[in-house]
Amino acid sequence: MTDKIADMLTRIRNGVTSGAESISVPTSKMLVALAKILKEEGYIENYKEEKGDAFRKNIVITFKFFEGKNVISGLKRISTPGLRVYSNAQDIPQVLSGMGIAIVSTNKGIITDKAAKAQNVGGEVLAYVW
């Protein structure tokens, strides 16, 4: 697997459309940071690391529902391994006029677009969530 972030976003998207309560994703430090941001921003209920096979750990992501509908209505991978997308602090895009979030990888870690503008740092735009 070359793009773990795209795999995680696809699993979340498939879980949302199928109405699943939770999904499991192979773990990495970056994927844990993404799950942490999704939890802090209120898009998922919880995440936890579980021991999977003999050598692997998994992240189990539990979805959040509001009035019977999933809170996440869309996800989009922006920067791919074949086409990296970078942005400075002033040009970080807004998602749905501020109703969604952009997840940015900066030298201060993986943060949201609002935090990147507040800290005046740019970086690689990883994904949009709304």
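I looked up what the buried residues of α1 pack against, and found β1, α2, β3, β5 (69-70), β6 and β10. I count heavy atoms within 4.5 Å as contact. Helices (H or I, at least four residues) and strands (E, at least two) are DSSP runs, numbered from the N terminus. Buried means under 20% relative accessible area, exposed over 50%, and partly exposed in between, with a 1.4 Å probe and protein chains only. The buried residues in α1 are Ile5, Asp7, Met8, Leu9, Ile12, Gly15 and Val16.

A note on the source: this is a predicted model, where local features need pLDDT of at least 70 and side-chain atom pairs count only at pLDDT 80 or more, while totals for chains, interfaces and linings use all residues. Residues are numbered from 1 along each chain as its sequence is written, and side-chain values use heavy atoms, with hydrogens and water left out.

I then checked the length of α1. Its 15 residues reach 21 Å from first C-alpha to last, close to the 21 Å expected at 1.5 Å a residue. The expected span is 1.5 Å times one less than the number of residues. Just after α1, glycine 19 has a positive phi of about 80 degrees.

Entry 2, the sheet. In what order do the three strands of the open sheet lie? I read β1-β3-β2, with antiparallel pairing. Two strands pair if DSSP finds at least two bridges between them. The edge strands are β1 (22-26) and β2 (44-51), each pairing on one side only. On average, neighbouring strands of this sheet are turned by 25 degrees against each other, direction ignored. Axes here are lines fitted to C-alpha atoms, for helices over the stretch in contact, and angles run from 0 to 180 degrees between N-to-C directions.

Helix α1 (residues 4-18) packs on the sheet and touches β1 and β3. Its direction makes about 165 degrees with that of β1. Helix α2 (residues 29-40) also packs on the sheet, touching β1, β2 and β3. The direction of α2 makes about 155 degrees with that of β2.

I followed β2 into strand β3 (residues 57-63): the two pair in the antiparallel sense over seven bridges. They form a hairpin with five residues between them. Lysine 51 has lysine 57 in β3 as its bridge partner. Glutamate 49 has isoleucine 59 in β3 as its partner.

Which residues of α2 are buried? I noted Leu31, Val32, Leu34, Ala35, Ile37 and Leu38. The 12 residues of α2 should span 16 Å at 1.5 Å a residue, and the end C-alpha atoms are 17 Å apart, which agrees. Glycine 42 follows α2 and has a positive phi, near 85 degrees.

Is isoleucine 72 buried or exposed? It is buried, with a relative accessible area of 3%. Isoleucine 72 sits in the loop between β5 and β6. Leaving aside neighbours within four places in sequence, I find isoleucine 72 in contact with Ile12, Val16, Tyr43, Ile44 and Trp130. I also looked at threonine 17, which is 55 residues from isoleucine 72 along the chain; their C-alpha atoms are separated by 9.8 Å.

How many salt bridges does the structure hold? There are four. A salt bridge is a side-chain nitrogen of Lys or Arg within 4 Å of a carboxyl oxygen of Asp or Glu.

I began with aspartate 7 and arginine 11, whose side chains meet at 3.1 Å, N to O. Both lie in helix α1, four residues apart, about one turn of the helix. Arginine 11 is partly exposed, at 31% relative accessible area.

Next came lysine 48 and glutamate 50, which meet at 3.6 Å, N to O. Lysine 48 is partly exposed at 47%. Glutamate 50 is partly exposed at 35%.

Then I turned to glutamate 124 and arginine 84, with their closest N and O atoms 2.9 Å apart. This pair links distant parts of the chain, 40 residues apart. Glutamate 124 is in strand β10 (residues 123-129), and arginine 84 is in the loop between β6 (75-77) and β7 (86-87). Glutamate 124 is buried at 12%, whereas arginine 84 is partly exposed at 42%.
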